[in-house]
Amino acid sequence: VLRVYGFIAHQHDPLLVALAAIIALFGAHTAILLLRHGDGLRGANRRIWLLAAAIAAGTTTWATHFVGMLAFQPHIEVNFAIGLTALSLLVAIGIMGTGFALALYRPGWRVRAAAGAFIGLGIGAMQYTGISAVALQGYLDWNPAAVALSLLVAILFGAMSLICALNITVPAARWAAPAMMWLAICLSHLIGMGAVSVHSAATPASLGQLAAMSPHLLAANLSILCVLVLVISVAALHLNRSNMRRAEEERTNLRDLADMSVEGLILCDGASVVTANASFRQMSGFTQDALRNATLDFLFEGTPAQFINPGSYFVGEHVVIGARGERIPVEVVRKSIVYSGKPHQVLALRDLRERRRAEEEIRFLAHHDSLTGLANRVSFGATLHRQIQENARDQKPFAVFALDLDRFKDVNDLLGHQTGDLLLQRVAGRLRATVRDTDCIARLGGDEFAILVSGPLTIEKSAILADRLVEVLSRPYILDGKIVNIGVSIGIAISPQDGPDASALMKHADLALYRAKSDGRNTSRRYEASMDAELQSRRKMELDLRRAIVHGHLEMHYQPLFNVRTQSVRGFEALLRWRHPIEGLISPNDFIPMAEETGLILPIGEFVLNASTREAASWDNEISVSVNLSAVQFSGGKLVETVRAALAGSGLAPERLELEITESVLLQESADTLKTLHQLRDLGVRIAMDDFGTGYSSLRYLRSFPFDRIKIDRSFIQEMLSNNESAAIISAVVALSQRLGIMTTAEGVETEEQMSRIQAEGCDTVQGFLIGRPATPEEVGKYLRTRVKETA
Amino acid sequence: MASQTDSMDAAPLARLIYRSRSVLAEKSADPDGLLATILQHARHNNERAGLTGVLLFDGETFVQALEGSLGNIERVYEAIACDQRHEAIELIDLSIVESRDYPNWTMAFLNTADTKYPDLRRFMTNPAKAASPHLSDAVFDLLQNMLPVPQHFTGGLPHFQAMA
C-alpha cells in the first residue's frame, strides 16, 4: 500500500489520475446501467443493449488505463504504439462483451461470478497489453507478485460486481455493482502500474518505427471519446427507458381494462393460455399461476376445436370446468388478434350461471303457484296430459281430484286476505302430507285445488283417499292465533273410464265436485254419467231463464199479510213466479239458487223490485209491499240505486216498501253489508228479517242491525201446538221483539188454532194459507176493490 | 309456576287443548311402540320449541295440552294436524294464559284407561262439558300429587309411560 501511495504521489500527475478515476467511475456506472437494462429484455433488444454495455465498459476501462498511463511521469519520454493501443481497446470491448453475455444468458450466481472473474482477467489483460504498447526510452521491469496481486484484485472485484449487477432483490446491489466494477478497474490499474519499474539506461527500442502520438493529445482524445460514448449510451438508455415505461403503462392500462371487464377474457396462443383477466379467474376460481401454460382442453369440457381453428369470429355455448370441478355454463365469443407479432385467439366468456338460475326460477314460477309452491293450472294440465299418454301404454288407472274449499270466502272476508293466503298455504301443506310424493298437487286458482293421484288405483282406494283428504282438511286451523274451520268438497274422475283425455277428465272431476257441493259440501263424489245430463239440463234451464227475463215470462204473485190487531190486510209479500212456456209455473226454490249462482239474480231482482213497486203504487195508500232480497244482490254494489230507481219509477212512498233479508245476507257481517242496509233505511224503506230462528246465531244479528220487523219461521208455527219448545221460542221471540220495538210476523199460519195461539202470543201480523195464498196482480186488485166496497 | 324463560319471553304464553281419535291400531301392529315413538318425537320437538304439556290417552282418544308461545304452538299444532295417525281433531281450548300448568314436562303422558282416574275418564269421553280449566286442574293435581318430580325435570315420566 505504501508503495502504491508513493507511486501515485511521486510518479503521477494528480489531475490525470483524478480524470482516470472519474472516467472509470462513470464508465462502470453506465456499463452496469446498460447491462441491467439489457437483462430485462429479450432477443435483438437484449443483444443491442449488451453490445452497448460492452462498448461503454470496454472503452472506459481502456480509457481509464491510458489516462492513468499518461498520468505516469517516469521522467522519461513516453510514447504509445498505435497498433497495440487500438488492439487493447478491441480486447477490452470483446472481453467485456463476452463476460456480460455469459452473465446475461446463463442464470445462476456462480455463472455470474465466473463471468465477472473473466472480465477482471480481461481488465488485467488489457492493462498489460496497453503497458506493452508503451514505447519509452528505457525498459520495463516487472514485479511478478504485484502483477499477480493486480490480476487477483481485478478478478475478485469483477466477480463481485457482476453478482451484484444482476441481483435486483438486494437494494445495496444497486450501487455496489458499479462500485465494485470501478474498484476492479482502478485498483488493478494502480497495482499493475506499481508492478512496473522503468529503467532509463536502455537503448531506445526502434522508436522511430512506431507511429506515435503525444500523451496530452491522446488524453484529450480519449476523454472526448469516453464522454461521447457515455453521453450517447445514457441518452439512448433514457429514451429506451421512457419508451418502455410508456409501453408498460399501456400494458397496465390494458390489463386494468381487461380486469374491469365483466366478461371473462382468455388470451391464448393456439391451445395454450397466455393470460386471463380477473373476471375469468373469479369465475373459474383459478389463479393466474394455475392458468399460465394451461391448455384449453384443461379449462373446457369437451374439446372445443372451434377455439383453435382460425376464423375471425365465433359464438357458442360451452362449459368451463372450474377450479373446484364445478361445471360453469358460458357463452363464448372468439376473436383472432395479433399479439406480440403473432396470431392469438381472444376468448370472451359470459358466465351463464346467473341467467340459468333466473331461467330456472322463471320456469318454476311459470309452472308453480307462487303462494303455495304447488303446481299451477298450466303445469297440472301438462302433467295430466303426460300421465294419460303413459297410461295408454301401461294401463294403470289413475284419478283426478278436483277440490274446492268450503267457506274459504268467509275466511277471506272476515279475517282478511293475509289470513286467507296463510290458510291456502296450510291447506297446501296438509295436502302434501296426505298424498304420496308421486302425486301431483296443483292450485288452479282461488281456493280451487286439483290432485293427480297416480296409479294403479282402484275406485275404493281413491274414495278412501278422498275421505282422508276431507277429514284432514276439515281439521281446525290456527291462523295467527285465530281458530278457523273450513271444509273441502272433492270431485273424482278416474282415468280411463271417466274420460278419454285431460279436458274430459278435468270437466268430469268438476262435475263430480259440483255434486259434492250440492250434496252438502265437505264430502267427495265420483263422476257419474248422469251428471252430464244434469249439467245439460242445468245449462238449458239457465238459457231458458235468460230468455224468460227478456220475454217477460217472469211474473209476480202477492200473498196477503194480515194485521191481527186491526183484523185487516196491511200488505202483500211479492213472490216471484216463472211461467215456463212448456213446463208451466216454476217455483222460485227451483231456479233462484241457479240464478244466484249465475248472477242472473241481479236482473231478476231488479225486475222484482220494479214490478212490485209499480203494482203496489196502484194499491190503496195503507197497503204495503214486501220484497225479498238475495245476498248476492248485496254484493252487486248497485242495490241502493236499484231500490231508489224502483221507488222513483213507480212513485211508491218508500215507507210502503218493506225489504226482507235472510241471515245469509248478514252471515258475512261485513261493513259494506251493514252500510247498504243503513242506506236503504235512509231511503225510508223498512227492513225485515226473514225466516227468523233457522239460522246459526239469529239473535246476534238483531244486535248488528236495528230491524223493523222479524218474520218468525214457519217451522216454529207448524210445531207450536205439538212442540212446547217451539211455542216457548215463539213467546220468547215476540217478547224480545216487543222489548226491542220490533214488529213480528208469523209465517205459515194454516189453521184457526195456530191463528188464535199467535194472536194470544201478541204477533202483529200473520201470513199463511189461512189468510190467503199467493195471488195474481189481477186477483189482488179485484180483492182490494171488493174490500173497499165492503168497508164503504 | 312460570319458568324464568317465560317471564323474559315477550311472546304471549298460550295453551292449546285438543282431542282426537287414535288410529294407531290401524296403522301399526305395535301401537304401543308407535305411541312411544310419537312421544319421543314430541318431547324432542317440544323441547326445541319451548313447549310443555301433557298427553292423555285411553287407548282410543287422545287429549293433549300444549303450552308455550303462541307462534310455536301454532307451528307444532299444524304438524299435529298433518299427522295421519289420528283423526277427528277437535280444538277444545286455545287461550292466552298467565303461566304454564305443566312447566316441568316437555310432554307428560297419562294412561287414563287406568280406573284410578275417574275424573279423567269422564273428561276423555266428554271434554266439551268439562271446561278446560277443569282438565288442567284435574291433570295438574294428579301430576303434582302422585308424582313428586324434580323442579326442572323435562324428560317425561317413565312409569307413566307404561301402556295399558
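How many salt bridges does the rule find across the interface of chain B and chain A? The rule finds two, a salt bridge being a side-chain nitrogen of Lys or Arg within 4 Å of a carboxyl oxygen of Asp or Glu. A:Arg430 pairs with B:Glu78 in a salt bridge, with 2.7 Å between the closest N and O atoms.

The model is predicted: local features need pLDDT of at least 70, side-chain atom pairs count only at pLDDT 80 or more, and totals for chains, interfaces and linings use all residues. Residues are numbered from 1 along each chain as its sequence is written, chains are lettered from A and ligands numbered from 1 in the order in which they are written, and side-chain values use heavy atoms, leaving out hydrogens and water.

In the interface, 17 residues of chain A are in contact with 16 residues of chain B (heavy atoms within 4.5 Å). About 1400 Å² is buried between the two chains, and carbon and sulfur atoms give 56% of this area. Buried area is the accessible area (1.4 Å probe) that two parts lose on being put together, summed over both. B:Glu74, B:Glu78 and B:Gln84 supply 40% of the area that chain B buries against chain A, more than any other three residues.

On chain B, helix H4 (70–82) and strand S4 (86–96) each supply at least two residues of the side that touches chain A. H4(B) gives the largest share of that side, seven residues. Helices here are DSSP runs of H or I with at least four residues, strands runs of E with at least two, numbered from the N terminus.

Helix H8 of chain A (residues 215–260) contains A:Ile232. A:Ile232 counts as exposed because its relative accessibility is 55% (exposed is over 50%, buried under 20%, partly exposed in between; 1.4 Å probe, protein chains only).
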